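Please look over the sequence and the model below before reading the briefing that follows.

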Amino acid sequence: MRRSALNRNHYFVFGILVGLALSFYLPEDVWDLVQKEECPQEAAENSLIEKFGQEFEPHLNLISKPLSAKKPAKNVIRPRYYSSELGIREKIFIGVMTSQDNINTLATAINRTTAHLVNKIKFFINADNVKTNYKLKNIVGFTDTRENLRPFHVIKYIADNYLDDYDYF
């Protein structure tokens, strides 16, 4: 790391020395030559003035040119929010698989500790009765009681409902 820093400093010092040497050996007449040369735009203007005179005004030939556009302009339908127009999505979605026994204790603790860090938390449980009353409102209950299929139900639920809204799951 020290070696690369020295190499960058060497290039800087070498550039300054070359610049100083060129400034001493450059003749002073070069600056006069550069300032005396006429810019191409001024040369073109001067040649036009010599050819047509001082009162020259250009004329536009609009014959055979349409005066209005052939296609009417389309009205662009703009989205209501700038985030939908720019494609800005929420960052992270957290899904927690838990059981009915732990929903009032451990799930509440997870919700309190991570709710201020993420945009969306959902808890997925196997619910025998979907109408049960829980303290948390972000619970999704699956009536299928097979434990080995629950991760697939969770993935399908997330893909159906939140795939376009979040970057990470």
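Helices (H or I, at least four residues) and strands (E, at least two) are DSSP runs, numbered from the N terminus. This is a predicted model, in which local features need pLDDT of at least 70 and side-chain atom pairs count only at pLDDT 80 or more, while totals for chains, interfaces and linings use all residues. Residues are numbered from 1 along each chain as its sequence is written, and side-chain values use heavy atoms, with hydrogens and water left out.

**Confidence**
- The protein chain has a mean pLDDT (the predictor's confidence in each residue, from 0 to 100) of 76, and 77% of its residues reach 70 or more.
- Confidence is lowest in helix H2 (residues 29-36), with a mean of 61, and highest in helix H6 (residues 150-161), with 86.
- Where pLDDT is low, the predicted coordinates should not be read in detail.

**Helix H1 and the annotated segment**
- Helix H1 covers residues 2-25 and includes Tyr25, which is exposed (over 50% relative accessible area, 1.4 Å probe, protein chains only) at 72%.
- An unreviewed UniProt entry lists residues 9-26 as "transmembrane region", an annotation that may be inferred rather than shown by experiment.
- Over residues 9-26 the chain is 94% helix and 0% strand, and the end C-alpha atoms lie 26 Å apart.

**Strands E2 and E3**
- Strand E2 (residues 120-126) pairs with E3 in the parallel sense over four bridges, where pairing requires that DSSP finds at least two bridges between the strands.
- Ile125 stands opposite Gly141 in E3.

Notes:
Buried means under 20% relative accessible area, exposed over 50%, partly exposed in between (1.4 Å probe, protein chains only).
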